[in-house]
Amino acid sequence: MTRSAARSLRCLFGLLACAALPVSAGGAPAALGVCVVEQNPPFSSRTLQPVGVDVDVAQAVAARLGRAVHWQWITLQERGGLGRALKESVQAGSCELFAGMPVTEGSDDDLSSRGLVASQPYVSVGYVLLTPAASPIGSMAGVGAQKIGAVTATPADLYLLAGGFNRSPFAGSAALLDALAKGQVGAGLLWAGRVAGDALPAGVVVRETLQAPALQTRFVMVSRRSDTALTGAVDAAIGALQADGSLDLIATRNGLPPANRHGGR
């Protein structure tokens, strides 16, 4: 980024941030109401350290807006999931931002129908290639005819199917990791968020982070479409955090592999 472009970005961010500053009764900027899932490492945690990517990014965005944060911790219900959580939180006006919304191609349409808009992504999380530590396989190019596992019906499973690999589907990540540890499969693809959230079994290592767009899930902040000043200011803040390297530092601090970083819409 050129010096003049960076200066222009700072000026734009300053204008948007001022426009998004509601004032409390005492005259100080009101706290930014942020809804976030209560226990979803490595993205959010109310009680554990590190606190998670979503929490760290929301805190950094609020700081750039000159506002404290008022957290509203959300417990996802088995019935309704994220859709219900959005309806009962940011749609209902109990918070201004919903942090940690995963989006894939076409999912923006659902947000629009709810009167919501997504920020630019602040992290994009894909899949990693795992193998037993003694395996000579170092990348997908080396898998060849070896049996490679993935959790069934996930993007990784579909990726292996489309690529004609010697695919072995598993009911869940625990079963896949167990098979890798026992040498029952030569390799496996697992979502990087799962790898960051839990320690790998002894003897299982990460070999490569896959970059295929079909394997990426982007995470955004969600706000009401009517809150145009806030939406613009949040986008500008995320852009500034990307430009100064803060997003990369946050992802690393929360255990995400180096290639799982911010990405375009």
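Q: Where does Pro42 sit?
A: This is a predicted model. Pro42 lies in the loop between β2 (39-40) and β3 (44-45). The bond joining Pro41 to Pro42 is a cis peptide, with omega about 10°.

Q: And what about the bond from Gln49 to Pro50, cis or trans?
A: That peptide bond is cis, with omega near -5°. Pro50 is placed in the loop between β3 and α2 (53-64).

Q: Is Ala153 buried or exposed, and why?
A: Ala153 counts as exposed because its relative accessibility is 63%. The cut-off for exposed is over 50%.

Q: OK, zoom out. How many helices and strands in the chain?
A: The chain has 9 helices and 13 strands. Of its 265 residues, 45% are buried.

Q: What share of the contacts between residues at least 6 apart join residues at least 24 apart?
A: 71% of them.

Q: Which residues touch the most other members in the largest nonpolar core?
A: Val53, Val57, Val61, Tyr122, Met221 and Val234, out of 43 residues in that core. Helix α2 gives the most to this core, with 7 residues.

Q: What does Val57 touch, leaving out residues up to four places away in sequence?
A: Tyr122, Met221, Leu241, Leu247 and Ile250.

Q: What's in the second core?
A: That core is separate and has 15 residues, including Cys35, Ile74, Cys95 and Leu111.

Q: Switch to strands. How many residues of β5 are buried?
A: 6 of the 7 residues in β5 (residues 97-103) are buried, so the strand is mostly covered.

Q: Which way does β5 run against β1, parallel or antiparallel?
A: Parallel: 2 bridges join β5 to β1 (residues 32-37). Cys35 stands opposite Phe98 of β5 there.

Q: And β5 with β13?
A: Those two pair in the antiparallel sense, over 5 bridges. Ala99 has Met221 in β13 as its bridge partner. Met221 is also one of the residues with the most partners in the largest core.

Q: What's the strand order in the open sheet of 5 strands?
A: β10-β9-β11-β8-β12, with mixed pairing. β10 (167-170) and β12 (204-209) are the edge strands, each pairing on one side only. From one strand to the next, the twist averages 30°.

Q: How many bridges join β8 to β12?
A: 5, and β8 (residues 127-132) runs antiparallel to β12. Thr131 has Val205 in β12 as its bridge partner.

Q: Which strands of that sheet does α5 touch?
A: Helix α5 packs on the sheet and touches β8, β9, β10 and β11 (187-191). Its direction makes about 140° with that of β9.

Q: And α6?
A: Helix α6 (residues 173-181) packs on the sheet too, touching β8, β9, β10, β11 and β12. The direction of α6 makes about 150° with that of β11.

Q: Last one, α8. What span should its 16 residues have?
A: At 1.5 Å a residue, α8 (residues 228-243) should span 22 Å, and its end C-alpha atoms are 23 Å apart, which agrees. Its buried residues include Leu230, Val234, Ile238 and Leu241. Just after α8, Gly245 has a positive phi of about 85°.

Terms used
Residues numbered from 1 in each chain as written. Predicted model: local features only at pLDDT ≥ 70, side-chain atom pairs only at ≥ 80, totals over all residues. Heavy atoms only, no water. Helix = DSSP H or I, 4+ residues; strand = E, 2+ residues; numbered from the N terminus. Buried < 20%, exposed > 50% of the residue type's maximum accessible area, 1.4 Å probe, protein only. Expected span 1.5 Å × (residues − 1). Contact = heavy atoms within 4.5 Å. Core = buried A, V, L, I, M, F, W, Y, C linked by side-chain atoms within 4.5 Å. Pairing = 2+ DSSP bridges. Axes fitted to C-alpha atoms, helices over the stretch in contact; angles between N-to-C directions.
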